[in-house]
Each structure stands twice: as structure tokens, then as C-alpha cells.
Amino acid sequence: MNLTKEFIIEWYGGHDYEELLFADGLDEAIIGIDPASFRIVYSRTKAIKIMMRQMDEEEAMEYLEYNTFNAWMGDKTPIWVDDTMWAW
């Protein structure tokens with residue numbers, strides 16, 4: 001099952017989902033939510049593959065490392081899992 005922004009909002013509807021922080025355009029890379037912190041969990045590998053629709057792999061990795069993976073947006077900053085070894 002692919003988790004989507006809409007599914008997570010519906011599933012956690014009783015909570016303050018307004019505080020959830022989603023990465024724009026990367027819903028297909030969502031792999032879960034941390035129930036302790038209500039942070040969205042993303043696959044780095046899937047995010048890179050999504051960005052490779054618009055640029056080559058090196059550009060995608062560089063762009064995401066600088067603009068997304070290492071960005072701090074407060075306590076709700078998404079978690080980016082390095083799943084390279086098992087996300088073939």
C-alpha cells in the first residue's frame with residue numbers, strides 16, 4: 001500500500017494534522033509516520049527517483065541533499081530514511 005498525504009491526514013484526523021509537515025511533490029516517497037513525534041517519514045531513494053523525472057541522478061541527489069534532506073524546519077521536519085540497501 002502506498003501511503004499518501006490524504007491517507008495520513010484521514011488516519012490521524014483526530015490529531016492536529018495541521019502541524020504535520022509534508023514535502024511538496026514527494027508524496028510517492030512517503031513510507032510512514034513516526035507516531036511518537038507525528039513526523040512524516042520519507043524514503044530518500046524514492047525521493048531521488050521522483051526528482052530524476054526532471055533531472056539526472058547526480059543533480060537530483062545534489063538538489064535534495066541541499067534543499068530537502070538537510071533542511072531544518074522545526075520540530076516537525078520530516079524524517080528522511082536512507083533505504084538505499086533495500087529499496088531496489
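**Sheet, helix crossing and ring pair**

User: In the hairpin of β1 and β2, which residue takes a positive phi?

Analyst: Phe-38 takes a positive phi near 55° in this hairpin, which has four residues between β1 and β2. The model is predicted, and local features need pLDDT of at least 70, side-chain atom pairs count only at pLDDT 80 or more, and totals for chains, interfaces and linings use all residues.

User: What makes β1 and β2 a pair?

Analyst: Strands are DSSP runs of E with at least two residues, and helices are runs of H or I with at least four, each numbered from the N terminus. Two strands pair if DSSP finds at least two bridges between them; β1 and β2 have four bridges, in the antiparallel sense, so they meet this criterion. Within this pairing, Asp-34 stands opposite Arg-39 in β2.

User: Why is the pairing in the sheet called mixed, and how do you know which strands stand at the edges?

Analyst: The open sheet has the order β1-β2-β3; β1 and β2 pair in the antiparallel sense, whereas β2 (residues 39-43) and β3 pair in the parallel sense over three bridges. Ser-43, for instance, has Val-81 of β3 as its bridge partner. β1 (30-34) and β3 (79-81) each have a single partner strand, so one side of each is left without a neighbour in the sheet.

User: Why are α2 and α3 called oblique to each other?

Analyst: The axes of α2 (residues 44-51) and α3 (residues 57-69), which come within 9 Å, cross at roughly 120°. Angles under 35 degrees count as roughly parallel, over 145 as roughly antiparallel, 65 to 115 as roughly perpendicular and the rest as oblique, and the two helices are therefore oblique. By class, their contact (heavy atoms within 4.5 Å) has eight nonpolar, no polar and three charged residues.

User: How do you know that the rings of Phe-7 and Trp-11 are a pair, and what is their arrangement?

Analyst: Rings of Phe, Tyr and Trp (its six-membered ring) pair if their centres lie within 6.5 Å, with planes under 30 degrees apart counted as stacked, over 60 as edge-to-face and the rest as tilted. For Phe-7 and Trp-11 the centres are 6.0 Å apart and the planes stand at 15°, so the pair is stacked. These residues are four apart in α1 (residues 5-11), about one helical turn.

Notes
Residues numbered from 1 in each chain as written. Heavy atoms only, no water. Axes fitted to C-alpha atoms, helices over the stretch in contact; angles between N-to-C directions. Nonpolar A, V, L, I, M, F, W, Y, C, P; charged D, E, K, R; others polar.
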